[in-house]
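Open the model in your viewer and keep the selection tool at hand. Each stop below says what to select and what is there.

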Amino acid sequence: MSAALTARARGASVLMIESANKDLRGGNSRHVRNIRYSHNAATDYVTGRYDADEYFKDLMRVTDGNTNEDLMRFMIDASDDCVDWMLSQGIKFQPPLSGTLGLARTNAFFLGGGKGMMNAYFKAAEKAGIDIVYEAEVEKIEMDGARFTAAMVRQGGELHRVEARTVVLASGGFEANIEWLKEGWGEIADNFLVRGSPMNTGKVLRSMLDNGAKPIGAPDQCHAVAIDGRAPKFDGGISTRIDCVIFSVVVNKNGERFYDEGEDIWPKRYAIWGRLVAKQPDQVAYAVIDSKSMGLFMPTVYEPFQSDTLSGLAEQLGVDAETMEKTIEDFNSAVIPGEFNATEPDGCHTEGVEPKKSNWARKIDTPPYYGYPVRMGITFTYLGLEVNRQAQVFMNDGKPAENIWAAGEIMAGNILGQGYAGGTGMAIGNVFGRIAGEEAARHARN
Amino acid sequence: MPATETLKEAKRVMQICNACRYCEGYCAVFPAMNKRLTFSDGDVTYLANLCHGCQGCYYACQYTPPHEFMVNVPKAFAELRGETYRDYAWPGMFKGLFEGNAKWIALITLVLTIAVTVGVFVVQGADVVTGVHTGTGAFYQVIPHDVIVYLASAPFLFAGVAFIVGLVKFWRDIGGKPGELLNPSALIQAFKDAGQMKYMAGGGHGCNYPNDNFSMGRRHAHQMTMWGFILCFAATSVATVYHYVFGWEAPYDYFSIPVILGTVGGIGIVIGPIGLLMMKKTADTAPQDTKRTGMDIAFLWLLILTGITGLALLALRETAAMGTLLAVHLGIVLAMFVTFPYGKMAHAVYRLGALIKFAHERRE
């Protein structure tokens, strides 16, 4: 969107090809909530300073240095006017509120979230005279050497050849393409849930790689979290998250524990549990709590399974009851009593049980017992196209393609080799989208 | 209590919303929702009546149909509100008036208007009714003052009692403590929120009404309607003081306080509802309870007719049309008062109750 609007503002005539219908337009941005951007002072939308250095440090930490530092720096510096630019396009933000997940200082929150943002963007695009076609999927990018010539677009069963002087690729990742995920993950990918758009099948990315564009990022690198196992296969979005892990004993279907549930506060561990669950048999796990912990975490979209006995709960969950009872018995006897504090690591831990639980360890002994099935929910993928500061797509020979730019998830892997900090995807999309739009328009008009 | 299915749907939707919370920037409903982990019948009834139907959360929702979660907060809440008005109506035997409400309102208005007009003609004779009356007590030569007072005040007071009974039951069911309903600071806050129509601004940019554009149109039209109504009521109150305290009889001078208040208010209850009706015509009905559109339209027309006949009476009070206009105006006002507890006016009462509750919760 930011590429199209910028290109249009520079005088280019722009066609936007959207594979979804009007209700589901905007790819995964429809599910976002906020944007992480650098700023030197509090505004109407953030509570304090979050300068480029701090942003840089945070991203270096979450990616563990697996990034293009120069590009990351550049993106962070350029992110400082993202919010102003979005406001100028009619996007609305909300004041920092209590429920903003501890991100009120660093991230600006869209009023109503990503779909509200997308509605504003599409209105701005219509007003600016950008042509938009819905339910039109780009199946193939046609190139002549390092030059884009046309896109093959399927709409209503018909294949059209759409020529243009320049193209900006902003078609997202491939997380909705289970077959592709299998290339990185193997057959277990069948059991992954996709939190976002079912449209992100990666056809454009695949076509570009076939054309000799230079890939960046590993095929199994993605953002994935633990979500409710009953969530829809696609598009479950934010509401399916399971926040009770730190208060739980988490067992696999055999009834065995497999990781320290109380390693750190939940937001910091949110993203590792997807992968942990994916490594368990049938890629499923079960978070078990007792009535003491009810109400300490975000309410869930689905009711938990509930029973007055652990064996009854295990039966409902489909977990080996005998082993689960034994696991919880062992766990309970390993709990060292301490001062429980739900809001920070409290040192309440276990001794003599493997794996140990480092914090929030309390006996699971007060019925009713509750259980949530948990699966890996994949948010977005990092394997993408390598780009430079101008958002130009590199070919395998190390030279940029003549007239192809990329923005958003399709190139996010340049900055995010692994890990994630909430709201960064939006910043990458906005910064490189505007640059791509600017460059593509300039090139097209020359 | 409203029907189980309606309550169930509202609870289902709230459970999804409470796991998402993206809409917390829109209105009071979402912070009130955040305070709860589960939702009782009373909780959702409260939240539904706290909802002003700005529809912001509908257009911003990632879970609206065709998504399988099928979330539609404004529609679920509008349906629940409609049932609130019906099920808290007192006495209970009049609940049926909420089914096919427009038809009933039209019928009652027609019958009362004709009855009063014919009655005046029969009792006073055509000569008196169609005569020109001017000067002090002119109206009362056509319809005696006491008759007007009794005819109008009886249904008005009855409506007040009916609403108080409904509100008290509603307050109890949404979990309010008896004393809190009259807590001054909560009342002041609630009246302030209602007076400004704060939550008709959604997240501060207006309603997404009549379509997905942000607009203050509905808020402004509604403000004109509500303040128009309040000014008309104020005009009547001032006139009552004039009459009984100072012994000054109507009609009053064009630049007297009652006439100025009544004129401005009358214009408000004509223009405001016309604006609301026009928006309703083109409105996207997806986030609405289309089963009860008739109730809204009937009430708006009743206000418009009240305003138009009142203004016409003012304009033509020195002509031969005065007598007939007075009778028609009285008949329509009577119909409005009689149907207050059994029509859209009920929304003001339960909305205020919900706002008082929210004022309490906000301070916790």
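Which residue in β18(A) is the bridge partner of A:Val167? Select A:Ile404: this residue of β18(A) is the partner. Before moving on, note that residues are numbered from 1 along each chain as its sequence is written, with chains lettered from A and ligands numbered from 1 in the order in which they are written. This is a predicted model, in which local features need pLDDT of at least 70 and side-chain atom pairs count only at pLDDT 80 or more, while totals for chains, interfaces and linings use all residues.

**Stop 1: strand β18(A)**

Select residues 400-406 of chain A, strand β18. Helices (H or I, at least four residues) and strands (E, at least two) are DSSP runs, numbered from the N terminus. Five of the seven residues of β18(A) are buried, so the strand is largely enclosed by the rest of the structure. Buried means 20 or more other C-beta atoms within 10 Å of the residue's own, with C-beta atoms placed from the backbone.

Pairing requires at least two DSSP bridges between the strands.

One to pick out: A:Phe394 has A:Pro400 as its bridge partner in β18(A). Five residues separate the two strands of this hairpin. In the turn, A:Gly398 has a positive phi of about 85 degrees.

**Stop 2: the domains of chain A**

Colour 2-190 + 198-218 + 382-445 as domain 1 and 225-377 as domain 2. These bounds come from an automatic or database domain assignment. The C-alpha centres of the two domains lie 35 Å apart. Eight residues of domain 1 are in contact with eight of domain 2; contact means C-beta atoms, placed from the backbone, within 7 Å.

**Stop 3: chain A against chain B**

Show both chains. Here 24 residues of chain A are in contact with 25 residues of chain B.

**Stop 4: two helices in chain B**

Select α3(B), residues 41-50, and α15(B), residues 346-363. The helices pack at an angle of about 110 degrees, with axes 8 Å apart. Axes are lines fitted to C-alpha atoms over the stretch in contact, and angles run from 0 to 180 degrees between N-to-C directions. That makes α3(B) roughly perpendicular to α15(B), a term covering 65 to 115 degrees. Show side chains at the contact: B:Tyr46, B:Asn49 and B:Leu50 in α3(B) meet residues of α15(B) including B:Tyr350, B:Arg351 and B:Phe358.

Notes: Contact = placed C-beta atoms within 7 Å. Parallel < 35°, antiparallel > 145°, perpendicular 65-115°, else oblique. Buried ≥ 20, exposed ≤ 12 C-beta atoms within 10 Å, placed from the backbone.
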